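Please keep the sequence and the structure in view while reading the points below.

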Amino acid sequence: MPKLFALIVAAMLLTGCGSLPFTPTEYPLRAGLIPELPIAGTVAVSNAQPAVEPMVIYRYMGQRIEASPKALTEVMVQQTQTELKKNGKPTGASGEKTLQLRIDSLLSEYTYAFFWRSKVHFQATLGDGQVIDLTVPHASGSVQQDLNGCIAEGVMVLLKDPRVRDYLSK
């Protein structure tokens, strides 16, 4: 009987170990969170993250969730494009603006009572050479929403940043 108990405990512990893949998805931002944004010309948003090897974005009691930095950044790129279409107001000026994004880290941590807190650190390189480093926190009652919501909140903070707004409007 002790051997059977030991096998059951070992099997339970092993099932808690390992990594789970995470596929990020766009978490929609409600209307009004990003103010109208004057845009002079067109804006090309691109993914500047070359890293495809998975990184740990959540770890708790032997369980890990991993995602590719490039895949995380691609969701940020898509959401930035979506928000520019929703909130951008063309000024009639011509020209092309570029915005290169790169997520360097995203980590969600379980705090207590089914509550998670995350931070995303990313870099935005504007076409005029400005490099903007941002770290944005987020919190949620679901780890998936926390991770996707953190990326969405990063987009919101980026498009509210005076340096980005100034660049896009000139």
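Which side chain is joined to that of S118 by a polar contact of 3.0 Å? The partner is D146. The model under discussion is predicted, and the points that follow are grouped by topic.

- S118 is found in strand β8, and S118 counts as buried because its relative accessibility is 4%, under the 20% cut-off.
- Leaving aside residues up to four places away in sequence, S118 touches L107, S108, V136, P137, H138, D146 and C150; D146 in this list is also the partner in the polar contact of 3.0 Å.
- Q123 also lies in strand β8, which covers residues 116-126.
- The relative accessible area of Q123 is 15%, so this residue is buried.
- The side chains of Q123 and D133 are joined by a polar contact of 3.1 Å.
- Beyond residues up to four places away in sequence, Q123 touches Q100, L101, R102, D104, V131, I132 and D133.

**The largest nonpolar core**

- The largest nonpolar core has 40 residues, and the members that touch the most others are I57, L72, L101, L106, F122 and L158.
- Helix α3, residues 143-160, makes the greatest contribution to this core, namely nine residues.
- L101 has contacts with V45, S46, N47, A48, Q49, T73, M76, V77, T80, Q123, A124 and L158, when residues up to four places away in sequence are not counted.

**Helix α2**

- Helix α2 runs over residues 69-87 and has 19 residues.
- From its first C-alpha to its last, helix α2 reaches 26 Å, which is close to the 27 Å expected at 1.5 Å a residue.
- At the N-terminal end, S68 caps α2 through a side-chain oxygen that lies 3.2 Å from the backbone nitrogen of K70.
- The buried residues of α2 are P69, L72, T73, V75, M76, V77, Q79, T80, E83, L84 and N87.
- In general, an α-helix has 3.6 residues a turn, so residues three or four places apart point the same way.
- The buried positions of α2 include L72, V75, M76, Q79, T80, E83, L84 and N87.

**The largest pocket**

- The largest pocket holds about 150 Å³ of space.
- Its lining consists of I39, G41, V43, V45, Q81, L84, K85, G88, K89 and P90.
- Two or more of these lining residues come from each of β3 (42-47), α2 and β6 (88-90).

**P38 in strand β2**

- P38 is placed in strand β2, residues 37-39, and its relative accessibility of 35% means that it counts as partly exposed.
- The C-alpha atoms of P38 and P50 are separated by 30 Å, and the two residues are twelve places apart along the chain.
- P38 touches K89, T91, R165, L168 and S169, with residues up to four places away in sequence left out.

**Positive phi values in a loop**

- Most residues other than glycine have a negative phi.
- A113 has a positive phi, near 45°, and is placed in the loop between β7 (96-110) and β8.
- F114 likewise has a positive phi, near 55°, and its place is in the loop between β7 and β8.
- A113 is exposed, with a relative accessible area of 59%, and F114 counts as exposed at 64% relative accessibility.

Notes:
Residues numbered from 1 in each chain as written. Predicted model: local features only at pLDDT ≥ 70, side-chain atom pairs only at ≥ 80, totals over all residues. Heavy atoms only, no water. Core = buried A, V, L, I, M, F, W, Y, C linked by side-chain atoms within 4.5 Å. Buried < 20%, exposed > 50% of the residue type's maximum accessible area, 1.4 Å probe, protein only. Helix = DSSP H or I, 4+ residues; strand = E, 2+ residues; numbered from the N terminus. Contact = heavy atoms within 4.5 Å. Expected span 1.5 Å × (residues − 1). Polar contact = N/O pair within 3.5 Å; in protein donor to acceptor, adjacent residues only side chain to side chain. 1 Å grid on protein atoms, 1.4 Å probe; cavity = no way out; pocket = protein on both sides within 12 Å on 5 of 7 lines; lining within 4 Å. Points joined across faces, edges and corners; volume = space filled by probe spheres on them.
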